[in-house]
Amino acid sequence: MLDSRTRRRAICWIAVTALLLGPDALAQTTSLPPPPQEAAPESHPPTKATATDAKKKKKKTKKKGASGDSETSETKAKPPKHPSWSPVPAIKIDFKARLETEIRSATPALGLDDTQVAWQDRRVGIEGTAFKRVSFEISRELSDDFEAAHDLSDKSAWKDTYVDVRVTRALNLEAGRFKLPFGREETTGETNLDFVHRSLAARVLSPGRDVGIMAHGRLFDRRVRYEAGYFTRDGDNGRTSQTQGGEDALVARLEVAPFASLANHAFGSLEAAVAVATSQVDNRLGLRGRTVLGDGIFFDRVYVNGQRRRIGFDAAWEKGPGSVSAEYITVSDDRTDMGFDGDDLPSVGTKAWYVAGTWALTGERKHGRLEPRNDLLRGGIGAVELAARVEELRFETATYPGSAFGFPTEAALSGNADHVVTLGINWYLNHYVKLQGNLVREWIDDPERSPAPAAGGRFLSPVLLLQFHF
Amino acid sequence: MSARRWIGRGPRLLLGVMAVWCASAGIALAQDQDAFFNDAVLQDVRIVMSSRDWQTLKARAAENTYYPADLTWNGVTVRNVGIRSRGGSTRNGIKPGLRVDVNRYLTDQEFLGLKAFSLDNMFSDSTLVREPATMKMFERMQLPAVREAHARLFVNNEYVGAYVILEAIDRTFIERHFGAEEAQVERGGYLFEYEWAAPYFLDYLGSGLEPYAALFKPQTRATDSIVNLYAPLEEMIRTINESADDDFAAAVGKHLDLNLFMKYLAVESFMDESDGIVGAEGMNNFDLYRFRNGLSQFLPKDKDGSLASLDDSITVRLDTNVLVRRAMKVPALREAYLSALRQCIALAGEPAPDDQRGWLEREVERQTTLVTPAIADDPVFPYSIDDFLGTADLLIVFAQRRGAFVDCQVAQMEQGLEEGADPAAACRGVIELASRRSP
């Protein structure tokens, strides 16, 4: 049964949706410039990348549209993505907002008998460009997001807050607070995610955001993209309100799109990347394994001391209405001088991987977030997409000399893994509203360290996400 | 107003609704730990778990295996908690002591703000009163003590016996007594549980850290560097043993608040704890907490061996423990011990406005009265009801006469006794006098 707060929230969402589904509602309410006459499908960069990169991709897509793409010709004129303002011709500022509510139905295996409704995001921000060479973004969460609310990680209310200066096409300099260039899914914006939650590989092992400076650019006719930077800390995914995480992070990522310059090549969108990161974790608690929705800890963190090393590989390919992506990340934390005689202990090792795929039932071309050919109540049903992901997060057995005396027990330190299969359906009502439904099936190797010991460590969590953004 | 104008106000309306929800989102249920630990009433705690798991837990009571269960108290239900057998010498499968880990499986789950508590079977105490009464004395002496309350325990709707609910000594406890900074997960203080293995009197065990790891089991920061965990402990014990007599208080005072320690010792002595710091089998039944600033403090636990004997001396076994023996030779610390004993005497004898009996006597009587029906119905109570009533009478006598007896001994010590002389020797008659004065 839904409580009154849930019902109230649902009513409001229905009102918001109805508002947005009305004819040209947003365009008429926010003093926006008139919709562009050019009938171009609006592409979204699959990764956060940078504002500059995003704009380049947009231009590229428009060029394709002009060359007679049949999908484009069918697309109707739509309002612009963001309200924007240009105080002077050389400066443009876009206003952005995102509102997300997550509904989780009862999960009896965990003893959760009631439907739970929670905000996931309430974010506002601006991004813009100045004098063609400078781009910037400031965004802020209005309250704790899902991960901060569940203390999965220590999320600052300030999200991306950076300035990016284009020196040449091959060299851009970015400074401020933004995502460390590590991991494909972690650096993908939430509006472009195919699932309600990012993979465990992204949320637990990828660094996330922090303050730093980075050089990035594209080389060899856009076939190679590089990012390299220094960050004062090693990302907010690796710390919580009670744990500090690492410091002094050096991160680099190299992405190759070998067929990017070949027009209409079947593998033209294929991208593969490798990333490495190092940081210092001096006498700090390391990473821990929590289940997808944060219900349980299947591997508790242990103190580590020394260097943290991350290595990641990822690849993605989109063709027509389908897409495939995969990622593999390992993390190793040193434990120097931690034994009885000040001797080194073996490092703590963690690895994670996922393989994911999507298919647009309504036939739209996949490029990050789907853009419906025909919005709901504007001659169509929006865009509908199926998604599936298989993943694993595994912590290797950690040894500790205290185990000989029972702290902690060897069983508590033995390796453990969470295996997850997620099946999803995404419904893009229009450009602004997305509804995602996921069935998340998890099973933990050691049921005693799972949130569902009576069910052998296996449980199913149905979740629904309603997202509004502009 | 036209529909179009309403639509035009949509975003503002939406923001208004969002603001209201933002304000209401963080409302938490105001539940009360004090009600759970209210020892003025007999609490009913209900556990629902697989019958097979309950039988297995009892059959394998020596193991620390957890089992999932649902917990209900006073209309508050928490599902999917972890329950295991607990206890040292009192651990058994007939009436198992239980530890309830509320967040064992669901990480963020709490019960009235608690992450864990215990249900103590008090198997070695035929009254179930010794420990709660002693903890109350620690509390009245303004020393950190766990909250306790008597309870009837029902498992799968079947009454399984009278228990005592014990607050866990964990981060929640540390935060309540010492503040949030001390309770931090990564940078908080170090909490150790002393594990009795053989008689130990705080002798120096050498510079290697393994012997200390065998005795002091970390309850917080349990995977920290071994040197961080034990080097300060080794240094403290070395200082206790090897510092010069004239520098003892200053040197040890860098590791331990000695005045607090003497107060702790005085409470154990007044309540005649036979299995505490100067227990008959060496040190036992305490936790040691090391603050972020390096100072350590003893925390009492498992006081079911207290109120052992009315006529035990306040100097019994004080010479067995290195720390106690050396501290008692420092005049200021000896005075702190005697002063704390006088404070115990005053508190134990404190009358109520409508009852001239002392607090300790009233407390023991109140608790025994409260727990009597639970014990009478207890299907696995290991003593007869006559044992219970007889022992309860003895505890009342203890409460009536202990103050006068200790008072006499304190006076003897203040007058100056020869080294090794027992102050109780001249005070046995006081017990008889007190007996004649008692109603």
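**A loop in chain A, and onward**

Guide: Asp344(A) lies in the loop that runs from strand S14 (322-335) to strand S15 (345-360) of chain A; helices (H or I, at least four residues) and strands (E, at least two) are DSSP runs numbered from the N terminus. This is a predicted model, in which local features need pLDDT of at least 70 and side-chain atom pairs pLDDT 80 or more, while totals for chains, interfaces and linings use all residues. Residues are numbered from 1 along each chain as its sequence is written, chains are lettered from A and ligands numbered from 1 in the order written, and side-chain values use heavy atoms, without hydrogens or water.

On the surface, Asp344(A) belongs to a patch of negative charge with Asp337(A), Asp341(A), Asp343(A) and Glu210(B). Patch residues have over 30% relative accessible area and no salt bridge, with like charges joined within 9 Å; Asp and Glu count as negative, each charge being placed at CG of Asp or CD of Glu. Areas come from the Shrake-Rupley method with a 1.4 Å probe.

Other charged side chains do pair up: the whole structure has 68 salt bridges over all chains (a Lys or Arg side-chain nitrogen within 4 Å of an Asp or Glu carboxyl oxygen). In one of them, Asp234(A) meets Arg308(A) at 3.1 Å, N to O. This pair links distant parts of the chain, with Asp234(A) in the loop between strand S8 (224-233) and S9, and Arg308(A) in strand S13 (residues 303-319), 74 residues apart. Asp234(A) is buried, at 1% relative accessible area, and Arg308(A) is buried at 0% (buried is under 20%, exposed over 50%, partly exposed in between). In chain B, Arg140(B) and Glu350(B) form a salt bridge at 2.8 Å, N to O. Here Arg140(B) is partly exposed at 27%, and Glu350(B) is partly exposed at 38%.

As for the cysteines, the whole structure has one disulfide over all chains (two cysteine sulfur atoms within 2.5 Å). It joins Cys408(B) to Cys427(B), S to S 2.0 Å. The torsion about their S-S bond is about -80°, so the disulfide is left-handed. Cys408(B) sits in helix H14 (residues 385-415) and Cys427(B) in the loop between H14 and helix H15 (428-437), 19 residues apart. Both Cys408(B) and Cys427(B) are buried. Cys344(B) is in no disulfide, the nearest cysteine sulfur, that of Cys427(B), being 16 Å away. Cys344(B) is also buried, at 0%.

Notes:
Patches are made of residues with over 30% relative accessible area and no salt bridge: like charges are joined within 9 Å, nonpolar side chains (Val, Leu, Ile, Met, Phe, Trp, Tyr) within 5 Å. Buried means under 20% relative accessible area, exposed over 50%, partly exposed in between (1.4 Å probe, protein chains only).
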